[in-house]
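Hello,

Here is the structure you asked about. Please open it first, then read my notes below.

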Amino acid sequence: MDFLIPNQLSYPILSTLIFLPLAGALLLFLFREEKATRIWTLVISLVTFLLSLPLYFNFDLTTYKYQFAEHTPWIPSFKINYTLGVDGISLLLVLLSTLLTPICVLASWKYIEKRIKEFHVCLLLMETACVGVFSALDFVLFYIFWEAMLVPMYLLIAVWGGPEKVYASIKFFIYTMAGSVFLMVAMIALYLTAGTFSIPELMTHNYSFTFQFWIFLAFGIAFAIKVPMAPFHTWLPAAHVQAPTAGSVLLASVLLKMGTYGFVRFCLPITPQASIYFAPYILWMSIISIIYGGYVALGQSDMKRLIAYSSVAHMGFVTLGTFLFNKQGLEGAILQMINHGVTTGALFLCVGIIYERSHSRLIADNSGLTKIMPVYIGFLGLFSLSSMAFPGTNSFVGELLVLIGTFMGNKWIGALSIPGVVLAAAYMLRLLQKISWGPRVGTHHFFDLNVREIVYLVPLALFVLWIGFSPAPFLDVMHASVDHLMKQVQAGNALALVK
């Protein structure tokens, strides 16, 4: 257990972040008034976010080990333990999850009008599952949280979604469940081989290349569906378009990160030789995702569908950076996970804001808003610039690191990824131009942002600029963990060459 640094705080911070939203969700059933339900959920999610901040301020930047660790035997006969901890790879994802939940509560304040109590229960359950996934260091515990996320997200789409919500929710569930089956098969195979469910211990075990080959395939399918990478992406546009605003935000900002987090947390350290073997295939799939996602986004007339396809392209940069096996690419990929969560979540919030006014997501129905909604256009412009990786915004830093790593690893792959940057600029500028200065049509009653909407957009705008102008506080968090991960991959591959 020398890979765990015990929690030095006066309370079990990770367990608190996981189970406080769960307790809040259970207590919601005592509330009868709608307003009290909303306020209670907002309070619980805000307290959870505030309690998560000590993770950042007390994080030791000098070690790769898992910090704030909690370890308790759970099912000793099967060596299943309740083990939690965060390192420089998972810390920012935990903070992103706790930040977005109160924002989603505020964004749903007027939008959700039916089954309000059940909706907020789903939001809090999602937060429990997401924080659990990024904190779990036991594979069984990780799998439980991974699966626990499916039900509330399915309900968010199926109950509070659009006209085709049944189709979208079933497609989402079938795809993600299929991926979960492969993940479970890999988990059982690893346990039977290594005799443990401890994720850090699984990273230290030596596996044959043949075993790694099959485990990587199982991992790869499970995580590629979740990312999603082309051609496993078809569930995403339907789910995004039909989901309510809060569902789209959590889906894009947190749920998709579980796939890329899985690649980084499991594939690279546990199956290093197979990761190198499959890297060319992953890199080509990433390039296809970048170009295909950008090209299809360019032709969309529905704003949500446009942003959904842009997510396929942006997440392609994340998987591209992950499988370059250099520090620049991997740190750029991890930072880009956070950037995509902030920027794309904000863009979905912007779409939700004008959908509440016009009840249409079509670009043509919501054009020419500069004079009517100047504050809104200001936020939309900032988040659009971020999405196209404009200098001074968060995505510029992440994509620049990934591109540097790509050209260092393979100049041809690097050159092929450049059209994705151009396409991102094209489809975001087209969206921004039409929404801002396009011809006004229809009789919809538009009005500028109210205080509540400004309050939940401001934190995301600040992160866009903070990471864009001063990324060091975020990159410093991951340096030690990324260095150690690179050594694990190199050691695993070197050991295979000796054999």
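These notes go from the whole protein to one residue.

This is a predicted model: local features need pLDDT of at least 70, side-chain atom pairs count only at pLDDT 80 or more, and totals for chains, interfaces and linings use all residues. Residues are numbered from 1 along each chain as its sequence is written, and side-chain values use heavy atoms, without hydrogens and water.

Overall shape. The C-alpha trace spans about 70 × 55 × 40 Å along its principal axes. Buried residues (under 20% relative accessible area, 1.4 Å probe, protein chains only) make up 62% of the 499 residues.

The core. A nonpolar core is a set of buried Ala, Val, Leu, Ile, Met, Phe, Trp, Tyr and Cys residues joined through side-chain atoms within 4.5 Å. The largest one has 175 residues. Phe139, Phe142, Met153, Phe219, Tyr376 and Phe383 have the most contacts inside it. Another core lies apart from it, with 5 residues, including Ala25 and Val121.

One residue. What is the nearest side chain of opposite charge to Glu147? It is Lys226, 6.3 Å away. Glu147 is buried yet has no salt bridge (a side-chain nitrogen of Lys or Arg within 4 Å of a carboxyl oxygen of Asp or Glu). Lys and Arg count as positive, Asp and Glu as negative; His and the chain ends are not counted. Leaving aside neighbours within four places in sequence, Glu147 is in contact (heavy atoms within 4.5 Å) with Met177 and Ser180.

Best wishes

Key:
Buried < 20%, exposed > 50% of the residue type's maximum accessible area, 1.4 Å probe, protein only.
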